[in-house]
Amino acid sequence: MPNGHVIRGARVGSAPPRPPERHQPVPCRSVSYWCRNGHRTDIRIVADVAAPSVWDCPRCGLPAGQDAQDPPGRTRAEPYKTHLAYVKERRTDAEGEAILAEALAALRQRRGGRS
Ligand SMILES: [Zn+2]
């Protein structure tokens, strides 16, 4: 323990400020993570703290998960879609027009009828 953090006013020989149990090493458990490149990472984590679901692989930087068979960050089967593409999937063009018109009307109302 660094000496610079001694609490002022603590006297030598006085009762310890904390019970001695607190000076024992914190119980830890080992958690293993696998990234999709097959790197295994073991981390020590305090026993009563939940392990993070994802840990960055220190070797390649990819996210690593606790399931060796199903590491995170796998390229998805479906191609990347823009947000607009998802919106268009859910709504027809007509619905989109109606929503847009409604939004514009509300906007104009808020602006006091200008433009
Ligand atoms: Zn890795």
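**The chain and its zinc site**

The chain has an accessible surface of about 10200 Å², with 53% of that belonging to carbon and sulfur atoms (Shrake-Rupley method, 1.4 Å probe; for residues, only the protein chains shown count as cover). This is a predicted model, where local features need pLDDT of at least 70 and side-chain atom pairs count only at pLDDT 80 or more, while totals for chains, interfaces and linings use all residues. Residues are numbered from 1 along each chain as its sequence is written, and side-chain values use heavy atoms, with hydrogens and water left out.

Q: What pattern does the chain follow along the sequence?
A: The secondary structure comes to 2 helices and 4 strands. Both are DSSP runs numbered from the N terminus: helices are H or I with at least four residues, strands are E with at least two. Read along the sequence, the pattern is β-β-β-β-α-α.

Q: What is the geometry of the zinc ion's site?
A: The zinc ion is coordinated by Cys 35 (SG), His 39 (ND1), Cys 57 (SG) and Cys 60 (SG), at 2.1 to 2.3 Å. Donors are N, O and S atoms within 2.8 Å of the metal (3.2 Å for Na, K and Ca), and water is not among the atoms, so sites may look incomplete. Four donors count as tetrahedral if all angles lie between 85 and 135 degrees. Here the angles among the 4 donor atoms are 106 to 117°, and the site is tetrahedral.

Q: How many residues apart are Cys 35 and Cys 60?
A: The zinc donors are spaced C-x3-H-x17-C-x2-C in sequence. Cys 35 sits in the loop between strand E1 (28-34) and strand E2 (40-46), and Cys 60 in the loop between strand E3 (54-56) and strand E4 (63-65). So the pair links distant parts of the chain, and the separation is 25 residues.

Q: Is Cys 35 buried or exposed?
A: Buried means under 20% relative accessible area, exposed over 50%, and partly exposed in between (1.4 Å probe, protein chains only). Cys 60 comes out partly exposed because its relative accessibility is 31%. Cys 35 has 2% relative accessibility, so Cys 35 counts as buried.

Q: Which residues does Thr 41 touch, not counting those up to four places away in sequence?
A: Thr 41 lies in strand E2. With a relative accessible area of 9%, Thr 41 is buried. Taking contact as heavy atoms within 4.5 Å, Thr 41 touches Val 31, Ser 32, Tyr 33, Trp 55, Cys 57 and Pro 58.

Methods: Four donors count as tetrahedral if all angles lie between 85 and 135 degrees; four count as square planar and six as octahedral if opposite donors are over 155 degrees apart and all others between 65 and 115; anything else is irregular.
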